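Hello,

Here is the structure I promised to pass on to you. Please open it first, and then read my notes alongside it.

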Amino acid sequence: MQSVMHALTTHFSSHPEQALAAVFAASVLEAFVVIGTFVPGSTIVFIAGALIGLGALGLWPTLAIAVLGAILGDGISYWLGRHYHDRLRSFWPLRQHPQLLERGQAYFAKHGRTSVFLGRFLSPTRAIVPVIAGMSNMPAGPFYLMNVLSALGWAALHLLPGMLFGASLSLAGAISSRLLVLLVVVVLLLWLLTFLLKFLHQQLWPRVSKLRDRLVRWAGARAGLLPRVIVSLIDPQSAESPGLLIAAVVLLGGAWLFLGTLEDVVSRDALVVFDQTVFTTLQGLRTEWVDRAMVAVTEIGSAAVAIPVIVVSAIVFAVARCWRTLGYWLGAMVFAQALVWVLKATLGRARPTDIYSGFEQFSFPSGHAASSIVLYGFLAFLLARGRSWVTKLAITLAAAVIVLLISFSRLYLGAHWFSDVLGSLGFGITWVALLSIAYTQHVRNEHIPARALSIATLSTMVLAGGLWVGTHHAIDVSRYTPAQAAAATALPHWLDGGWRELPAQRTEIEGEAREPLSLQWAAPLEEITRVLGAAGWHAPVLWSARTVLTWLLPHPDIAGLPVVPTFNQGISPTRTFFYVLGPEHRLVVRLWRSAYVAQARGEPRRVWMGTVTTETLTRLGGFLSIVVTQKNTAAPVTALAASLDPNSLRLVIRPQNTPALLVW
């Protein structure tokens, strides 16, 4: 990933005219009559902003090109409307989309001249309002004033987030390729989720609605149990019909997913082979920081948090005298957990890693994933019932984020196979959909105190989760961290050639080699800190809100900037030091604990391995400071050696003809 990003930035740095031409074309076409509705101009400008953040494009030329294109696109549309008026209705593509013209006229009539400014930021109207302004004989002066102002705002609105995203990619790549890949994967998943929701709303939902109407007409003309059930569930005249229809579709999809996954697990089909691929890939992406975050997420999905949420919710239902709801609530949780236990005991599938014992050593299905989707899924249904579509969507997305994070944490930490989580989600979706249909049909007169329920469950989740994470996080991090065995060696053996057994370079995904591990130091960490401190080396300032803002200063002092941590096989440095060479240059030493211990006069000394690099302060996009690591690694090693006692160090040469410093 790092090499791909480097190749991308190198190409566009050498050929910026290609990217600028794409930005200009996208800006023009997005503002052009009707066509702009289908052109992803905003996405292209966002990507250009990311290239600015990566250092491949300049900020001001790109901004000027985007603004110029947006002004020109709206100007052409305005001229067409002013010149042709109603004759445009017979021209392509307006004759293919007459509803766009009607929508634009209604918007212009409501907002007047300000619609030219506001319409640029709204997808349904941005490509039609300028032509409506022309057809309405809006004066050119006010139009171009709004045109220019909206173009400036539109370009900045898309370039700046892109720049921040590009800078975050650059920073993540500098820290670790693993973080970069995870960041890209998260962005792609969010984009995929957005695309899927849009596709379901625009393409699938109309087809499902047509099928529903056909089924209702068929059932209405017949007698019998099945026709009555169909009419009662999906009659469009019923206010609850859309929700029931969605639940029915989800029920079928979830059942297909669960049963299909279960069949593959039992028969050890292709999905089981894919399990190993997912496991290996995610273990290769693990980093210490993300490990800690995922352990916290998986703790929030544990029974220690779920049970208090279930109990508090049950109390709310009891106080409100919602007895049927209470019965559904308890039945939902008990049945889900019982089925998880039965499947675990029946299948007896082993986990990917040996981190549990007893009954918990069985893998399929994932208890965390199954219980979380039933708990938060059914809770979301109860809270969203009878609310507006916006509220329902917000509640559903919140529950989905919680469930997906908990499920992903189980995969990331190696606690479950992919098929375990997939089957659990299928079962949970099916069970929640079935409960929703039954509840809608049979519980009609109970008023759930939604505000009290939401406050109570959220507070319980935060308090119970915070307490459990605060008291068990360190233990759980240790449990989920792969064990590393220590190898002992004598100090003379290490000096005479044993140092070659340690890694020669900092490595990333799949052993991707980065800068040399050119320092090995056999001493307690306290002694290393004392020796370097006496030689003028310092611990860097810590990352905080204040120190982050120093990166935005016009001319920051490099000594006051925190050091960007880099990862070695997903592990952040145990200790970092820097030595100032000037206002814009510094030496940086990063130390990692190795698996080796050198014995000296009966005293075990941990061998620390590290990188020694030179960092230079540069400006990115004219407003953001970053430090760039220089490729020359020999000079910083020599500079470090010159600051230490020559009687306690040895300079050696590796086979790659790079120097390495041994200190004891």
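This is a predicted model: local features need pLDDT of at least 70, side-chain atom pairs count only at pLDDT 80 or more; totals for chains, interfaces and linings use all residues.

Let's start with the aromatic rings. The whole structure holds 16 aromatic pairs. One of them is Phe 317 with Trp 329: the ring centres are 5.8 Å apart and the planes meet at 70 degrees, so this pair counts as edge-to-face. Phe 317 sits in helix α14 (residues 303-319) and Trp 329 in helix α15 (residues 323-347), so the pair links parts of the chain that are 12 residues apart. Phe 317 is buried, with a relative accessible area of 0%, and Trp 329 is likewise buried at 0%. Both belong to a cluster joined by ring pairs, which also takes in Tyr 328, Phe 378, Phe 381 and Tyr 439.

Next, have a look at Ser 409 in helix α17 (residues 389-412). Ser 409 is buried, with a relative accessible area of 0%. Its side chain makes a polar contact of 3.4 Å with the side chain of Thr 298. Beyond its neighbours within four places in sequence, Ser 409 touches Met 294, Val 297 and Thr 298.

Finally, the surface. A nonpolar patch of about 710 Å² is formed there by residues including Phe 117, Phe 121, Leu 149 and Leu 157. Helices α6 (114-119) and α8 (140-175) each give two or more residues to the patch, and α8 provides the largest share, with 5 residues. Leu 149 lies in helix α8 and is partly exposed, at 40% relative accessibility.

Enjoy exploring!

Best wishes

Technical notes. Residues are numbered from 1 along each chain as its sequence is written. Side-chain values use heavy atoms; hydrogens and water are left out. Helices (H or I, at least four residues) and strands (E, at least two) are DSSP runs, numbered from the N terminus. Buried means under 20% relative accessible area, exposed over 50%, partly exposed in between (1.4 Å probe, protein chains only). A polar contact is a pair of N or O atoms within 3.5 Å; within protein, one must be able to donate a hydrogen and the other to accept it, and residues adjacent in sequence count only if both atoms are side-chain atoms. Contact means heavy atoms within 4.5 Å. Patches are made of residues with over 30% relative accessible area and no salt bridge: like charges are joined within 9 Å, nonpolar side chains (Val, Leu, Ile, Met, Phe, Trp, Tyr) within 5 Å. Accessible areas come from the Shrake-Rupley method with a 1.4 Å probe; for residues, only the protein chains shown count as cover. A salt bridge is a side-chain nitrogen of Lys or Arg within 4 Å of a carboxyl oxygen of Asp or Glu. Rings of Phe, Tyr and Trp (its six-membered ring) pair if their centres lie within 6.5 Å; planes under 30 degrees apart count as stacked, over 60 as edge-to-face and the rest as tilted.
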